[in-house]
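Welcome! Here is a friendly first tour of the structure shown below, taken topic by topic.

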Amino acid sequence: MPIATVNPATGETLETFQPLTPAEIERRLAAADAAYADHRLTDFAERARLLNRAADLLEEDVPFVARTMTTEMGKPVKAARAEAAKCVKAMRWYAEHAEALLADEHPAPADVADSGASRAVVRYRPIGAVLAVMPWNFPLWQVVRFAAPALMAGNVGLLKHASNVPQTALYLEDLFLRAGFPHGCFQTLLVGSGAVEGILRDGRVAAATLTGSEPAGQSVASVSGHEIKKTVLELGGSDPYLVLPSADIERAATVAVTARVQNNGQSCIAAKRFIVHADVYDAFRDRFVAGMRELTVGDPMNEDTDVGPLSSEQGRTDLEELVDDALNHGATALCGGQRPKEQERGWYYSPTVLADVTPQMRIHLEEAFGPVATLYRVANLNEAVELANTTPFGLSSNVWTRDDDEMARCARDIQAGGVFFNGMTASHPGLPFGGVKRSGYGRELSGHGIREFCNMTTVWYGP
Ligand code: NAP
């Protein structure tokens, strides 16, 4: 894939970039190594000062960087501003909390004595340069939720961003430099995915985190496995959204629309499969479909646009094929099911709700990466949970109910990294984020996220 900014609202190529040469990659790896030697010795106060400075600069840049993101990948500009603001918040959160999250741990005195030590502590030390292979869908947030904890832990970052968001990638390197992080602490590598393996095998790279598709995850994980390097994988999702009889149906339907079409439907944690109890199915369906129909589809730079184009022509083709396959096998489009007629150019797709979905259809098991919802009717909670788990993915889940027993059952039995009751899944700095099954492994954010890329060291003092 060429490294280029191509505006998804028009299909126009605005700027192309040359990938780094092997010599340039080598220079950056050497710079990361040298920067790590110093950065690992800095104290938390100094790292927090720099990260807070980066947050302040980003806050000033919100309008600019939001427009850059929208131009590169098509998200509505108001959502792009919200994404940038969320990054500011996460940077400040890690600047404030990292020291406490990585404080020494003291094993129980009986266990220390049992080990024959006079004392023992568990210390979280940095591990080195971490390669971050990142996707285009939240081009700022995905990177910041890796970079903020990594830099606070004393690691350094190497970013291989998706090839369609090079300007956002370069902005991020510039941001950390302007904030005062020494050269080499955070670098953007403008390279294609073919260069990842060589970088990952380099001895100066300690670990990798990848957010993206399953094939990319498999590739990075297998190279890392061969090199015995730690990885965190944040992959796809097809989150269930259960609506049970005691739910506030009006609210469940309103939130369902946002949960499905956020980021033009291209979010790993978007609710994608709507599983509704028969007693409230009709009421939910009518409100949900009405909400999807009312969305404003159009130029993502317009303040009143709810749904912009998909990020690439291929992305739209993939989605169209998934919907067409379902329609050809008997699904019913309650709205959408095709390109909008109003947009003559750009990679738009109409907000779509599909009913009568069966296991014979690809969309039953595959991730729909765009504004397309599948709607299922179930007879009881058992059926709902079973259907929720009928997916290779396990990122997050949403359940609407006021019944405590139903909540307990879902929190126990839904196979996912998150269960969100009476609200939609979102990531928050202080809460762990990640999945199970083919959605990946490891966690980002919170104390769990920052510790993923630390050397948890047992320090033992003899008698
Ligand atoms: P993608 O094609 O896998 O790309 C993601 C990144 O991986 C890009 O930087 C890409 O580089 C790189 N890449 C692709 N193939 C690679 C390979 N074989 N080896 C090494 N790197 C490789 O994914 P996408 O289509 O951009 O993103 C959408 C997917 O990401 C969806 O499945 C979505 O659910 C998932 N996602 C997950 C999360 C989460 O937190 N779990 C968050 C957001 C998105 P190039 O651009 O140069 O190809």
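**Around the ligand**

An oxygen atom of the ligand sits 2.5 Å from an N or O atom in the side chain of S213. Please keep in mind that this is a predicted model. The points below begin with the ligand and its surroundings, then turn to the sheets and the salt bridges.

*Polar contacts and burial*

- E367 also reaches the ligand: one of its polar side-chain atoms lies 2.7 Å from a ligand oxygen atom.
- The side chain of S219 has an N or O atom 3.4 Å from a nitrogen atom of the ligand.
- On its own the ligand would expose 910 Å², and the protein buries 85% of that area.

*Who lines the shell*

- There are 28 residues around the ligand, and those that come nearest are W136, S163, S213, L235 and E367.
- Sorted by class, the shell holds 13 nonpolar, 11 polar and four charged residues.
- Two helices, helix 5 (141-153) and helix 8 (214-227), each provide at least two residues of this shell.
- Helix 8 gives the most, with three residues.
- Both domain 1 (3-234 + 437-461) and domain 2 (239-421) take part, each contributing at least three residues to the shell around the ligand.

- Strand 11 runs antiparallel to strand 12 (residues 352-355), and three bridges join them.

- Strand 7 (residues 205-211) and strand 8 (residues 230-234) run parallel and are joined by five bridges.
- Within this pair, T211 stands opposite E234 of strand 8.
- As background, strands of a sheet pair through backbone hydrogen bonds, in either a parallel or an antiparallel way.

**Salt bridges**

- Across the whole structure, a search finds 25 salt bridges.
- One of them is between the side chains of D104 and R123, with an N to O distance of 2.8 Å.
- D104 belongs to the loop between helix 3 (77-101) and helix 4 (109-114), while R123 is in strand 3 (residues 119-126), so this pair ties together parts that are 19 residues apart in sequence.
- In general, side chains of opposite charge can pair when their charged atoms come close.

Terms used:
Residues are numbered from 1 along each chain as its sequence is written. This is a predicted model: local features need pLDDT of at least 70, side-chain atom pairs count only at pLDDT 80 or more; totals for chains, interfaces and linings use all residues. Side-chain values use heavy atoms; hydrogens and water are left out. A residue is near a molecule or strand if one of its heavy atoms lies within 4 Å of it. A polar contact is a pair of N or O atoms within 3.5 Å; within protein, one must be able to donate a hydrogen and the other to accept it, and residues adjacent in sequence count only if both atoms are side-chain atoms. Accessible areas come from the Shrake-Rupley method with a 1.4 Å probe; for residues, only the protein chains shown count as cover. Helices (H or I, at least four residues) and strands (E, at least two) are DSSP runs, numbered from the N terminus. Ala, Val, Leu, Ile, Met, Phe, Trp, Tyr, Cys and Pro count as nonpolar, Asp, Glu, Lys and Arg as charged, and the others, Gly among them, as polar. Domain bounds come from an automatic or database domain assignment. Two strands pair if DSSP finds at least two bridges between them. A salt bridge is a side-chain nitrogen of Lys or Arg within 4 Å of a carboxyl oxygen of Asp or Glu.
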